[in-house]
Amino acid sequence: MTGTNLPVMNIVNAAVDEDVLSTSVVTLAGDSSQPGLMAVSPDLKYTLVYSETGNTVTAVDNTTEAVATAIGSTTSLPAFTLPGFTESMAVNQASTSAYAAVPTAPVLGEAPGAVEVLNLQNGGIAASIPVPGAHFVVPSPDGNHVLVFSDNSDTVTVITTILIGTATDPRSYITGFDRPVWGIFANNATAYVMNCGAQCGGKAAGVSVLNVGASTSASTTPVSAATYGLLNGTTLYVAGSPPPNPPGTNTCAGTTTAATVCGKLSVVDTGTMTVTGSASITNGYHDRMQLSQNGQLYVGAHSCTNIAIPGGEVRGCLSIFNTSSPEVVIPANNGDVTGIQQISGRDVVYVVQNGALSIYDTDTNQLQVTPGDTQNNNGQVNIVGQLYDVKLVD
């Protein structure tokens, strides 16, 4: 977040929703002038913080709650400077490297776009791998491969990480998709790919099964729309916004709302690769999703249709789907959702929407309320400044 005068990373005790800002603030001045998007390493060692201003990435050590230092040194790692903006970062399994997709990265003699490899041990950009229009990166659980999704492309680029820096090209290509934008690994060799289809200028949305070693996708299951998803056991939840067909059609028909354009959530059984359920949700570009421990699926988007009727309906980019029933709750809050985090061991989800933090009670799917508690604003944590993302680091 960016404070009133100083860019900082705020730390909240999520076990009790306690504001500990007076003692736990990571100052990012000089490293990250406009902190926003964050990515946490699989072992929770690091949190990467991206600043849109300057296109810098700062590595924070979650144990020391300070900017990370180089291996065997007490010197802080300088901020990594990317050659353009990123909306997607990921840290490898060993927390030694990170990957950032930069769709506008200049490449000599080629179309712009690259995956930047960040050296988390000693600092600096270790490699820049040209991938035209590279926009999103998803590493395999073992860290041996990275899936790269590019703008306006029907191909997924696979980077074999052990080949980075060698004489062998680490890139291979898998075809047979329809504007793929995201993937979820079921294991080290198999992933489910979200085909954005018509929403991204393609033809038809769907979920494809990708085998990392194959040249084409194995099969595709049609869904209404697909830009993001979450895998829970053998159930895959997929969200997106189908374009009205024909144009002007009310895609919210059958739901009670003043909005005329809605998104769609599809439930896919990965054992049979069939759609077993669906629900109407708020529209926009969906790119955030978390499942609470009591089965409430929080789905966030940006660039949605906001409704604010005085004395009436208020809705923004957050939808809550009850996985045990077809019920959908749309909280009365406008704005983009830029961060969602389920809190382990509690029926609570943290949501950053419209630049502010909201804590939801997942038993009621309403804002948490703690009557009489003046320490944290009646169940909420009041943080001053413009917020963007939220992550659980321990």
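Cys252 and Cys262 form a disulfide in this predicted model, with their sulfur atoms 2.0 Å apart. The torsion about the S-S bond of Cys252 and Cys262 is about 110 degrees, so this disulfide is right-handed. The pair links distant parts of the chain, 10 residues apart, with Cys252 and Cys262 each placed in the loop between S23 and S24. Cys252 counts as buried, at 2% relative accessibility, and Cys262 is buried too, with a relative accessible area of 2%; the cut-off for this class is under 20%.

The count of disulfides comes to three. Another of them joins Cys196 and Cys200, whose sulfur atoms are 2.0 Å apart. The link of Cys196 and Cys200 is right-handed, with 70 degrees about the S-S bond. Cys196 is buried, with a relative accessible area of 1%, whereas Cys200 is partly exposed, at 22%. A further disulfide is formed by Cys304 and Cys317, again with sulfur atoms 2.0 Å apart. The link of Cys304 and Cys317 is left-handed, with -95 degrees about the S-S bond. This pair also links distant parts of the chain, 13 residues apart: Cys304 lies in the loop between strand S27 (296-302) and strand S28 (307-308), and Cys317 in the loop between strand S29 (314-315) and strand S30 (318-322). Both Cys304 and Cys317 are buried. When the bonded cysteines are counted along the chain, the disulfides follow the pattern 1-2, 3-4, 5-6.

The loop that holds Cys252 and Cys262 lies between S23 and S24, and these strands are themselves paired. Strand S23 (residues 235-240) and S24 run antiparallel and share six bridges. One of these contacts places Thr235 with Asp269 of S24 as its bridge partner. On strand S24 (residues 263-269), five of the seven residues are buried, so the strand is largely enclosed by the rest of the structure. S24 is also joined to strand S25 (residues 274-281), in the antiparallel sense, by seven bridges. Here Leu265 stands opposite Ala279 in S25. The hairpin of S24 and S25 has four residues between the strands, and in it Met273 takes a positive phi near 50 degrees.

In soluble globular proteins, nonpolar side chains tend to be buried together.

Met194 also has a place in the strand pairing: its bridge partner in S20 is Val207. Strand S19 (residues 190-195) and strand S20 (residues 206-211) pair in the antiparallel sense over six bridges. These two strands are part of an open sheet of four strands, with antiparallel pairing in the order S18-S19-S20-S21. S18 and strand S21 (219-222) are the edge strands, each pairing on one side only. From one strand to the next, the twist averages 25 degrees.

The structure holds four aromatic pairs. In one of them, the rings of Phe136 and Trp182 have their centres 6.2 Å apart and their planes at 85 degrees, so the pair is edge-to-face; the angle cut-off for that class is over 60 degrees. Phe136 lies in strand S14 (residues 134-139) and Trp182 in strand S18 (residues 180-185), so the pair ties together parts that are 46 residues apart in sequence. Phe136 is buried, with a relative accessible area of 13%, and Trp182 is buried, with a relative accessible area of 17%. Phe136 and Trp182 form one aromatic cluster with Tyr228.

Key. Residues are numbered from 1 along each chain as its sequence is written. This is a predicted model: local features need pLDDT of at least 70, side-chain atom pairs count only at pLDDT 80 or more; totals for chains, interfaces and linings use all residues. Side-chain values use heavy atoms; hydrogens and water are left out. Buried means under 20% relative accessible area, exposed over 50%, partly exposed in between (1.4 Å probe, protein chains only). Two strands pair if DSSP finds at least two bridges between them. Rings of Phe, Tyr and Trp (its six-membered ring) pair if their centres lie within 6.5 Å; planes under 30 degrees apart count as stacked, over 60 as edge-to-face and the rest as tilted. A disulfide is a pair of cysteine sulfur atoms within 2.5 Å. Axes are lines fitted to C-alpha atoms, for helices over the stretch in contact, and angles run from 0 to 180 degrees between N-to-C directions.
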